[in-house]
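Q: Could we go through this fold together? I would like to discuss the core and the sheet.

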Amino acid sequence: MIRLTDVSHDYGDRSLLSGVDLHIAPGAFHFLTGPSGAGKSTLLRLCYGDLRPRAGSIELFGQNVAALSRDALADTRRRIGVIHQDCQFLDHLTLAENVALPFIATGRAVPEADLHELLSWVGLGHAAEALPPTLSGGERQRAALARAVIMSPDVVLADEPTGNVDWDMSQRLLSLLVELNRMGTAVMIATHDLNLIRTAKGVVAARVLRIADQRLHTAGSDL
Ligand code: ADP
């Protein structure tokens, strides 16, 4: 579904990623780890066509990103749900409206029943009418997860989804992502939390990728 071939990237001054090959297949569960500043967020952005690589090629669902028009890329990106590190919301809209934003923004009717089922699934059924500033960190992360999956994407990319929450909430978010994966959605989670990865390995066949020295490595079982 997402394939990077010999991809390199930099932001001008120094090389950040070099010779990266990656394939996210249907139903896969990947962790992406590496120290802060290694390029995890950058690699995720490359994976959803938000950044063009300096070299190499990126295919999303069989189409080369370099050859896609802006509109075609926007269409393709709907098949990829993204949970951003900072999970921003529009503070004047309710939680339900924020989660439904991918529908509202594209002028489509909001599937109300699906929306409420989704909010219940992430444990926010009671907070549908709440405004984002009143939500806790864990509630925001779960809302971001709901927003990422409302369009039923084939793959979800999550950037440090447990970065600002306590261990219990990390476990809860992880179990939601594992459940999603069991229903067939491919998942890739960028995290530096090795405890989270260790926990996940007990419940899902996760592949652990690590960025080190600009390269993407498959991590061994020594985590
Ligand atoms: P990670 O997610 O592993 O912490 P990032 O991909 O966020 O790493 O960042 C890798 C490096 O690239 C960092 O040194 C960061 O400062 C730099 N960087 C990230 N985004 C930009 C940008 N838009 N412009 C310039 N430098 C950037």
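Predicted model: local features only at pLDDT ≥ 70, side-chain atom pairs only at ≥ 80, totals over all residues.

Q: How many residues does the largest nonpolar core have, and which have the most contacts inside it?
A: The largest nonpolar core has 44 residues, and F29, F31 and L145 have the most contacts inside it.

Q: Which element gives the most to this core?
A: Helix α7 does, with seven residues. The elements that give two or more residues also include β3 (29-33), α6 (137-149) and β8 (186-190).

Q: And F29, what does that residue touch?
A: Leaving aside residues up to four places away in sequence, F29 touches L174, L177, V178, N181, V187, I189, V204, A205, A206 and R207.

Q: What does the second core include?
A: The second core is separate and has 33 residues, among them I24, Y48, L51 and L68.

Q: Turning to the sheet, what is the strand order?
A: The sheet is open, with six strands in the order β6-β7-β8-β3-β9-β10 and mixed pairing.

Q: Which strands stand at the edges?
A: Those are β6 (80-83) and β10 (215-218); each has a single partner strand, so one side of each is left without a neighbour in the sheet.

Q: What does the twist average?
A: From one strand to the next, the twist averages 20°.

Q: How many bridges join β9 to β10, and are the strands parallel or antiparallel?
A: Four bridges join β9 (residues 207-212) to β10, and the two strands run antiparallel. Within β10, T218 stands opposite L209.

Q: Where does α1 pack?
A: Helix α1 (residues 40-47) packs on the sheet, where α1 touches β3, β6, β7, β8, β9 and β10. The direction of α1 makes about 155° with that of β7.

Note on methods
Residues numbered from 1 in each chain as written. Heavy atoms only, no water. Core = buried A, V, L, I, M, F, W, Y, C linked by side-chain atoms within 4.5 Å. Buried < 20%, exposed > 50% of the residue type's maximum accessible area, 1.4 Å probe, protein only. Contact = heavy atoms within 4.5 Å. Pairing = 2+ DSSP bridges. Axes fitted to C-alpha atoms, helices over the stretch in contact; angles between N-to-C directions.
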